[in-house]
Amino acid sequence: MTRCVIWGAGELGGRVGQLAASQGYEVHGYTATKKRHSDLESKGIKASLGDPQSFEPTDLVLLSISGTDALRDAIKRVNTDTRPKRIILTSSTGYYHGCTGLIDFESAAGDSPRAQNIATMETDFRRWARGAGVILRLGGLYRTGRGPLSAYQRKKTIPPGPPNKILALIHYDDAASAAFAAMTIAAPKPHYIVTSRTCPTRQEFYLAASVLLGLPIPTFGKPMLGPPMDYDTSHMEQDLVRTPSHPKWQAALVPE
(Lines give C-alpha, C1' and ligand atoms only; values in the text may rest on other atoms or scores of the structure.)
Protein backbone atom coordinates (compact mmCIF):
# COMPACT_ATOMS: atom_id res chain seq x y z
CA MET A 1 0.00 0.00 0.00
CA THR A 2 1.32 3.47 -0.94
CA ARG A 3 2.06 5.63 2.09
CA CYS A 4 0.90 9.21 2.34
CA VAL A 5 3.09 11.18 4.77
CA ILE A 6 1.68 14.44 6.13
CA TRP A 7 4.57 16.44 7.58
CA GLY A 8 2.63 19.08 9.49
CA ALA A 9 -0.80 17.52 10.02
CA GLY A 10 -2.55 20.66 11.19
CA GLU A 11 -5.65 22.39 9.88
CA LEU A 12 -4.72 21.91 6.23
CA GLY A 13 -2.58 18.80 6.50
CA GLY A 14 -5.26 16.98 8.48
CA ARG A 15 -7.75 17.62 5.69
CA VAL A 16 -5.33 16.27 3.09
CA GLY A 17 -4.67 13.22 5.25
CA GLN A 18 -8.38 12.58 5.60
CA LEU A 19 -8.80 12.72 1.81
CA ALA A 20 -5.92 10.28 1.38
CA ALA A 21 -7.29 7.88 4.01
CA SER A 22 -10.71 7.92 2.32
CA GLN A 23 -9.00 6.81 -0.91
CA GLY A 24 -7.31 3.85 0.76
CA TYR A 25 -3.84 5.26 1.41
CA GLU A 26 -1.86 4.40 4.51
CA VAL A 27 -1.58 7.85 6.09
CA HIS A 28 1.02 8.98 8.61
CA GLY A 29 0.64 12.44 10.16
CA TYR A 30 3.47 14.24 11.99
CA THR A 31 2.81 17.12 14.37
CA ALA A 32 4.72 19.31 16.83
CA THR A 33 2.32 18.52 19.70
CA LYS A 34 -0.24 15.83 20.54
CA LYS A 35 -3.12 18.32 20.50
CA ARG A 36 -4.63 17.00 17.25
CA HIS A 37 -3.70 13.34 17.60
CA SER A 38 -7.09 12.01 18.71
CA ASP A 39 -8.81 13.85 15.87
CA LEU A 40 -6.26 12.58 13.33
CA GLU A 41 -6.60 8.99 14.56
CA SER A 42 -10.40 9.24 14.23
CA LYS A 43 -9.89 10.08 10.54
CA GLY A 44 -7.72 7.05 9.89
CA ILE A 45 -4.38 8.87 10.22
CA LYS A 46 -1.55 7.37 12.27
CA ALA A 47 -0.30 10.33 14.33
CA SER A 48 3.30 10.83 15.52
CA LEU A 49 5.31 13.62 17.13
CA GLY A 50 8.21 15.36 15.41
CA ASP A 51 9.55 14.90 11.89
CA PRO A 52 9.48 11.83 9.65
CA GLN A 53 12.83 10.09 10.02
CA SER A 54 12.92 8.46 6.60
CA PHE A 55 11.03 8.12 3.34
CA GLU A 56 10.33 5.27 0.96
CA PRO A 57 10.77 5.80 -2.81
CA THR A 58 7.02 5.23 -3.26
CA ASP A 59 5.88 7.72 -0.58
CA LEU A 60 3.63 10.68 -1.32
CA VAL A 61 4.56 13.52 1.04
CA LEU A 62 2.96 16.82 2.01
CA LEU A 63 5.20 19.36 3.77
CA SER A 64 2.72 21.77 5.34
CA ILE A 65 4.30 23.67 8.23
CA SER A 66 3.14 27.20 9.00
CA GLY A 67 5.68 29.99 8.48
CA THR A 68 8.46 30.50 5.94
CA ASP A 69 11.27 30.23 8.49
CA ALA A 70 9.76 27.08 10.00
CA LEU A 71 9.56 25.53 6.54
CA ARG A 72 13.22 26.37 5.87
CA ASP A 73 14.20 24.78 9.18
CA ALA A 74 12.22 21.63 8.34
CA ILE A 75 13.87 21.35 4.93
CA LYS A 76 17.30 21.66 6.56
CA ARG A 77 16.39 18.88 9.01
CA VAL A 78 15.76 16.35 6.23
CA ASN A 79 18.38 13.75 7.05
CA THR A 80 17.77 11.17 4.36
CA ASP A 81 19.04 10.86 0.82
CA THR A 82 16.00 8.80 -0.18
CA ARG A 83 13.52 11.05 -1.93
CA PRO A 84 9.86 10.15 -2.03
CA LYS A 85 7.96 9.71 -5.26
CA ARG A 86 6.29 13.10 -4.77
CA ILE A 87 6.63 15.84 -2.19
CA ILE A 88 4.32 18.84 -2.05
CA LEU A 89 5.41 22.10 -0.41
CA THR A 90 2.73 24.53 0.78
CA SER A 91 4.23 27.93 0.09
CA SER A 92 2.47 31.30 -0.16
CA THR A 93 1.33 33.89 -2.69
CA GLY A 94 3.54 36.17 -0.59
CA TYR A 95 6.13 34.97 -3.13
CA TYR A 96 4.68 37.71 -5.38
CA HIS A 97 4.64 40.44 -2.70
CA GLY A 98 5.41 43.77 -4.32
CA CYS A 99 4.37 42.69 -7.83
CA THR A 100 1.65 44.36 -9.91
CA GLY A 101 -0.35 43.30 -12.95
CA LEU A 102 -1.25 39.75 -13.94
CA ILE A 103 0.46 37.04 -11.89
CA ASP A 104 0.70 33.78 -13.82
CA PHE A 105 2.73 30.56 -14.03
CA GLU A 106 5.82 32.36 -15.36
CA SER A 107 5.81 35.34 -12.96
CA ALA A 108 8.99 35.86 -10.95
CA ALA A 109 9.15 36.51 -7.22
CA GLY A 110 8.59 40.02 -5.96
CA ASP A 111 11.52 42.12 -4.82
CA SER A 112 10.30 42.77 -1.27
CA PRO A 113 12.15 41.17 1.68
CA ARG A 114 9.12 38.95 2.34
CA ALA A 115 8.98 37.71 -1.25
CA GLN A 116 12.72 37.07 -1.38
CA ASN A 117 12.61 35.13 1.90
CA ILE A 118 9.92 32.85 0.46
CA ALA A 119 11.85 32.49 -2.80
CA THR A 120 14.98 31.43 -0.89
CA MET A 121 12.96 28.84 1.06
CA GLU A 122 11.54 27.46 -2.20
CA THR A 123 15.06 27.25 -3.65
CA ASP A 124 16.19 25.20 -0.64
CA PHE A 125 13.22 22.90 -1.18
CA ARG A 126 13.89 22.42 -4.90
CA ARG A 127 17.55 21.68 -4.19
CA TRP A 128 16.53 18.76 -2.01
CA ALA A 129 13.32 17.55 -3.68
CA ARG A 130 14.55 17.93 -7.28
CA GLY A 131 12.09 16.43 -9.76
CA ALA A 132 9.89 15.03 -6.99
CA GLY A 133 8.92 18.48 -5.71
CA VAL A 134 5.75 20.45 -6.43
CA ILE A 135 5.15 23.90 -4.89
CA LEU A 136 1.68 25.23 -4.10
CA ARG A 137 1.63 28.99 -3.58
CA LEU A 138 -1.48 29.31 -1.44
CA GLY A 139 -3.59 32.38 -0.88
CA GLY A 140 -4.81 33.19 2.62
CA LEU A 141 -6.59 30.15 4.04
CA TYR A 142 -10.05 30.54 5.54
CA ARG A 143 -13.01 28.65 6.90
CA THR A 144 -15.86 29.64 9.19
CA GLY A 145 -14.22 30.95 12.34
CA ARG A 146 -10.75 31.27 10.86
CA GLY A 147 -9.29 33.72 8.35
CA PRO A 148 -9.28 37.48 7.75
CA LEU A 149 -12.92 37.98 8.79
CA SER A 150 -12.51 36.33 12.19
CA ALA A 151 -9.22 38.18 12.75
CA TYR A 152 -10.95 41.49 11.99
CA GLN A 153 -13.86 40.58 14.26
CA ARG A 154 -11.45 39.77 17.08
CA LYS A 155 -8.99 42.67 16.73
CA LYS A 156 -11.40 45.35 15.41
CA THR A 157 -8.58 46.69 13.20
CA ILE A 158 -7.23 45.66 9.80
CA PRO A 159 -3.61 45.01 8.85
CA PRO A 160 -1.92 48.04 7.25
CA GLY A 161 -1.79 48.14 3.48
CA PRO A 162 -3.06 49.81 0.33
CA PRO A 163 -6.77 49.61 -0.53
CA ASN A 164 -6.23 48.30 -4.07
CA LYS A 165 -3.93 45.41 -3.14
CA ILE A 166 -5.48 42.02 -3.95
CA LEU A 167 -6.37 39.90 -0.93
CA ALA A 168 -5.62 36.36 -2.13
CA LEU A 169 -7.99 33.84 -0.53
CA ILE A 170 -8.58 30.08 -0.70
CA HIS A 171 -10.90 27.92 1.39
CA TYR A 172 -9.23 25.14 3.40
CA ASP A 173 -11.29 22.50 1.57
CA ASP A 174 -10.21 23.70 -1.88
CA ALA A 175 -6.58 24.00 -0.76
CA ALA A 176 -6.73 20.42 0.57
CA SER A 177 -8.24 19.16 -2.70
CA ALA A 178 -5.47 20.92 -4.64
CA ALA A 179 -2.75 19.43 -2.42
CA PHE A 180 -4.13 15.90 -2.64
CA ALA A 181 -4.44 16.17 -6.43
CA ALA A 182 -0.86 17.49 -6.72
CA MET A 183 0.30 14.46 -4.71
CA THR A 184 -1.51 11.92 -6.88
CA ILE A 185 -1.84 13.11 -10.51
CA ALA A 186 0.56 11.63 -13.03
CA ALA A 187 2.44 14.70 -14.22
CA PRO A 188 1.99 17.86 -12.14
CA LYS A 189 3.63 21.15 -12.99
CA PRO A 190 6.52 22.29 -10.76
CA HIS A 191 4.40 24.96 -9.09
CA TYR A 192 0.84 26.28 -8.93
CA ILE A 193 -0.97 29.42 -7.81
CA VAL A 194 -3.78 28.24 -5.51
CA THR A 195 -6.33 30.98 -4.86
CA SER A 196 -10.00 31.56 -5.47
CA ARG A 197 -10.86 32.26 -9.10
CA THR A 198 -11.60 35.89 -8.27
CA CYS A 199 -10.15 37.64 -5.23
CA PRO A 200 -11.18 41.00 -3.74
CA THR A 201 -9.09 44.05 -3.14
CA ARG A 202 -8.46 44.83 0.50
CA GLN A 203 -10.93 47.69 0.24
CA GLU A 204 -13.67 45.47 -1.21
CA PHE A 205 -13.20 42.83 1.45
CA TYR A 206 -12.89 45.03 4.51
CA LEU A 207 -15.71 47.39 3.51
CA ALA A 208 -18.01 44.37 3.16
CA ALA A 209 -16.69 42.92 6.42
CA SER A 210 -17.25 46.22 8.26
CA VAL A 211 -20.89 46.33 7.19
CA LEU A 212 -21.39 42.66 8.08
CA LEU A 213 -19.81 43.02 11.53
CA GLY A 214 -21.23 46.46 12.30
CA LEU A 215 -17.76 47.98 12.64
CA PRO A 216 -16.65 51.49 11.61
CA ILE A 217 -15.32 51.86 8.07
CA PRO A 218 -11.55 51.28 8.35
CA THR A 219 -8.83 53.64 7.17
CA PHE A 220 -6.65 52.42 4.32
CA GLY A 221 -3.17 53.46 3.26
CA LYS A 222 -2.17 55.00 -0.04
CA PRO A 223 -3.12 53.06 -3.21
CA MET A 224 -0.48 50.94 -4.94
CA LEU A 225 0.93 52.41 -8.12
CA GLY A 226 0.88 50.49 -11.38
CA PRO A 227 -1.69 48.09 -12.88
CA PRO A 228 -3.86 46.19 -10.38
CA MET A 229 -2.66 42.72 -9.43
CA ASP A 230 -4.63 39.68 -10.57
CA TYR A 231 -3.96 35.94 -10.25
CA ASP A 232 -4.20 33.47 -13.13
CA THR A 233 -5.52 30.22 -11.60
CA SER A 234 -6.02 28.39 -14.91
CA HIS A 235 -3.31 25.79 -14.24
CA MET A 236 -4.79 25.00 -10.83
CA GLU A 237 -8.24 24.57 -12.34
CA GLN A 238 -7.00 22.44 -15.24
CA ASP A 239 -4.86 20.08 -13.15
CA LEU A 240 -5.96 20.16 -9.53
CA VAL A 241 -9.40 21.60 -8.74
CA ARG A 242 -11.68 21.86 -11.75
CA THR A 243 -14.76 22.61 -9.66
CA PRO A 244 -13.85 24.47 -6.45
CA SER A 245 -16.26 24.03 -3.57
CA HIS A 246 -15.91 27.74 -2.72
CA PRO A 247 -15.22 29.56 -6.02
CA LYS A 248 -16.34 33.02 -4.81
CA TRP A 249 -14.38 35.09 -2.33
CA GLN A 250 -17.61 36.14 -0.60
CA ALA A 251 -17.57 32.72 1.10
CA ALA A 252 -14.87 34.18 3.36
CA LEU A 253 -17.48 36.61 4.77
CA VAL A 254 -19.38 33.97 6.77
CA PRO A 255 -19.09 34.86 10.48
CA GLU A 256 -19.00 32.35 13.34
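In which loop does K156 lie? Please describe this residue, and then the other parts that can be set beside it.

Reply: This is a predicted model. K156 lies in the loop that runs between helix 5 (148–155) and strand 9 (169–171). The phi angle of K156 is near 70°, a positive value in a residue other than glycine. Most residues other than glycine have a negative phi.

R130 also has a positive phi, near 55°, and is likewise a residue other than glycine. R130 is found in the loop between helix 4 (113–129) and strand 7 (133–138). R130 counts as exposed because its relative accessibility is 57%, and the cut-off for that class is over 50%.

Turning to the helices, the axes of helix 1 (residues 11–22) and helix 6 (residues 172–184) come within 9 Å and cross at roughly 55°. Helix 1 is therefore oblique to helix 6. The crossing of these two helices is right-handed. Helix 1 contributes E11, L12, R15, V16, L19 and A20 to the contact, while helix 6 contributes Y172, D173, A175, A176, S177, A179, F180 and M183. By class, this contact has 10 nonpolar, 1 polar and 3 charged residues.

As for the cysteines, the count of disulfides comes to 0. C199 is in no disulfide, and the nearest cysteine sulfur, that of C99, is 15 Å away. C199 counts as buried, at 14% relative accessibility. C4 is buried as well, with a relative accessible area of 1%.

How values were computed. Residues numbered from 1 in each chain as written. Predicted model: local features only at pLDDT ≥ 70, side-chain atom pairs only at ≥ 80, totals over all residues. Heavy atoms only, no water. Axes fitted to C-alpha atoms, helices over the stretch in contact; angles between N-to-C directions. Helix = DSSP H or I, 4+ residues; strand = E, 2+ residues; numbered from the N terminus. Parallel < 35°, antiparallel > 145°, perpendicular 65-115°, else oblique. Left-handed = near helix turned anticlockwise from the far one by under 90°. Contact = heavy atoms within 4.5 Å. Nonpolar A, V, L, I, M, F, W, Y, C, P; charged D, E, K, R; others polar. Disulfide = S-S within 2.5 Å. Buried < 20%, exposed > 50% of the residue type's maximum accessible area, 1.4 Å probe, protein only.
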